[in-house]
Amino acid sequence: MGSRLSVVSALRAFLPARAVLHEEEDTRPYECDGLTAYRQLPMVVALPETEEQVRRVLELCFSMKIPVVPRGAGTGLSGGALPPGDGVLLSMAKFMRVLRLDPRAGIAVVQPGVRNAAISEAAAPFGLFYAPDPSSQIACTIGGNVSENSGGVHCLKYGLTLHNVLRLRGYTIEGEPIEIGSEAPDAPGYDLLALAVGSEGMLMVVTEVTVKLLPLPQCARVIMASFDDVEKAGQAVAAVIAAGIIPAGLEMMDRPATHAVEQFVAAGYDLQAAAILLCESDGTAEEVDDEIARMKAVLSQAGATRMTVSRDEPERLRFWSGRKAAFPAVGRISPDYYCMDGTIPRKRLGEVLRFIAAMEKKYALRCPNVFHAGDGNLHPLILFDANDAGELHRTELFAAEVLEKCVEVGGTITGEHGVGVEKINQMCVQFRPDELELFQSIKRVFDARGLLNPGKAVPTLAR
Amino acid sequence: MTLEPFQERIRDAAARGVALRLRGGGTKDFYGNEPRGEMLDTRTYAGIVSYEPTELVITARCGTPLSEAERLLGENGQCLPFEPPHFGAGATFGGCVAAGLSGPRRASAGALRDFVLGARIVDGRGRALAFGGQVMKNVAGYDVSRLLAGSLGTLGLIAEASLKVLPRPAAERSLRLEMPQERALETMQRWAAQPLPISATTWHDGELLVRLSGSTPAVAAAAAKIGGEPLEPSPWAAIREHAHPFFAASPLWRVAVPPVAPPLALPGAQLLEWGGALRWLAGAGDGAAVREAAQRVGGHATLFRAREKSGGAFAPLGPAAMRLHRGLKAVFDPAGILNPGRLYAEL
């Protein structure tokens, strides 16, 4: 282990002064990511600009046995980029170039610090786009998306980050270059890409990502449907799937969530509804006409009390704006909020919502809900005031009970935000000791010293 | 039905250092390197565990006949979106996942691995472990269940797997156009940049075949745009199952390349699939030349079917990649008894 001074001076041998931060006023902005309840000043922040610099930072940290935590934009919601107090916060923010965009091949090769939305912006002139769209997409980076295997509203139809990434380049903690995947299908050997995507920065540091680009749908329309009962809305979701329809997006918001966002963005949401569904169709004009008609029929049969179909692109974006702004919107009505992320089989939605309502009473905290209903991925938003120690504690208990409920009904503790530090205890609920031990063994294959993002995602067996 | 017999068998084999040959219906015996070891027949553990059409997931035990799973899905208007080849009547659900092979629909729908949601395995120490689950949005822990897809039984016995399913398309139509390979590649790339409901393409011997799948109006509109002649009967099952006469050749190479790669200048007949990303090569003599040609364009070649495969069926891995592979193999199968050598000599 090195002292701050020795690490700084070793880094300054190959990094310019602007790329090595160690004074508190300079490192403070890196003390947390989107999970602001957890903060830790890093010993040093390194901001490399080239692959060679990344390699040397890792080599140095490996030899000095210094922990390294990679970071993209710091928008993560599970504390995955929480810095090591005794280590290096490795910011990939300067890796922000689109290196190659090949419209004929339908791929883009980008650096990890490129914003998710920036990829689609670069592809748009060619009639292409990058499909996974986490709600933080104007800020989050593709490197972060790879680390978490991020989803988003449109992943129901277009898949997760894993389904849209072809290849990764990067370095192991020892500074050894590693290439995983291929622009050709079915790379030989084990599917290391599946292992690396979603590995929360614990197996390698990514320096280049090759993503798939898809043709932009000719048109897209969204139905906003109101329901007078949350369970009916949940059943409507199942009915859409049962009808053989895979919407481009299928989202639900309950009344408290709808009220919060309507004040924020005035999207025209039905404030009387117990729940609203946003059900989108995209494709060619013929496909969308056909699909919207079928969706309307199913939703109507399922008891929708009101339905509106977007008439043009600005209206479609307006309908979505509330859902996409759900988190900041609740930020307006509460000093703090804790965004949860669990996935459950769709058919258990009603049961889990009733459970959450019961927890609201038990812990005397409000909890609006938004869901990627098509995937069963819920985001309960527990509202609290961090200045009240009692509320923070009750929030954590509330959250733990909800996640455990998700596992109990056959789901998982995290659909897309990752485990990070936030859900590390619940990993012991979802997995047995043998399985956790296997995860640790996999980790050791890549990082025997446990220096990359330690203390995240996979609990040690002492827990 | 319990995993205990498998667990005991594997524990015992690990203790004695004896290789086990995990085998279902034997329909993929020809694939990969020469199988060896004492037979462990996975067909004794069979049955559909759960299937929820509205949840878009099917869970089945390894020995379940693949045809049984597909029939059940078909009855409910659903399918395995990656359209796996069976290569024989006895293909099993577990073997399908372990072989990791996808069929004609792969280029549009995705690969087998994309649809794996979870798996229960028995590892090389005889431990029963579960990873993933039955839901698509699941990022807890490392993606071990997807890692197993295509591992050819070298990481563990896949006892049970959960796969995402999708609705069958409402309408399907196949068309035929005549053109040489180079123009076929150009044409397929042009189509790929447009939102056309193309679910499969094949080029062989001057003919480009294309399958359109989707809603009735979408298929009709696309057919009008693409032109060509209607193609009947449907050729896709024969292509998928290698019943088409082209595939009778030996050796048969499976060359995967970026779809924009130019035609491969190699001797022997070729059959292209997946928009040009998959190029089958029949009867080519020089293996080294095939591998080199594939690598030069950023792809890789597998000796898919041959009488003589002692040089290794799969494209060699670089030293860094092999180190990781050996590390992972040691984690799952420390005694090295599960299908040793089937994927690579070192694993």
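**From a charged pair to the interface**

Glu251(A) and Arg323(A) form a salt bridge, with their closest N and O atoms 2.6 Å apart. A salt bridge here is a side-chain nitrogen of Lys or Arg within 4 Å of a carboxyl oxygen of Asp or Glu. Glu251(A) sits in strand 13 (residues 249-254) of chain A and Arg323(A) in helix 12 (residues 313-324) of chain A, so the pair ties together parts that are 72 residues apart in sequence. Helices (H or I, at least four residues) and strands (E, at least two) are DSSP runs, numbered from the N terminus.

The model is predicted: local features need pLDDT of at least 70, side-chain atom pairs count only at pLDDT 80 or more, and totals for chains, interfaces and linings use all residues. Residues are numbered from 1 along each chain as its sequence is written, chains are lettered from A and ligands numbered from 1 in the order written, and side-chain values use heavy atoms, without hydrogens and water.

Over all chains, the structure holds 61 salt bridges. Eight are found across the interface of chain B and chain A. One pair, Arg323(B) with Glu176(A), has its closest N and O atoms 2.7 Å apart.

Helix 10 of chain B gives the largest share, nine residues. By class, the side of chain B that touches chain A has 41 nonpolar, 13 polar and 14 charged residues. Nonpolar covers Ala, Val, Leu, Ile, Met, Phe, Trp, Tyr, Cys and Pro; charged covers Asp, Glu, Lys and Arg; the others, Gly among them, are polar.

In total, 68 residues of chain B contact 77 residues of chain A (heavy atoms within 4.5 Å). The area buried between the chains is about 6000 Å², and carbon and sulfur atoms give 63% of it. Buried area is the accessible area (1.4 Å probe) lost on putting two parts together, summed over both.
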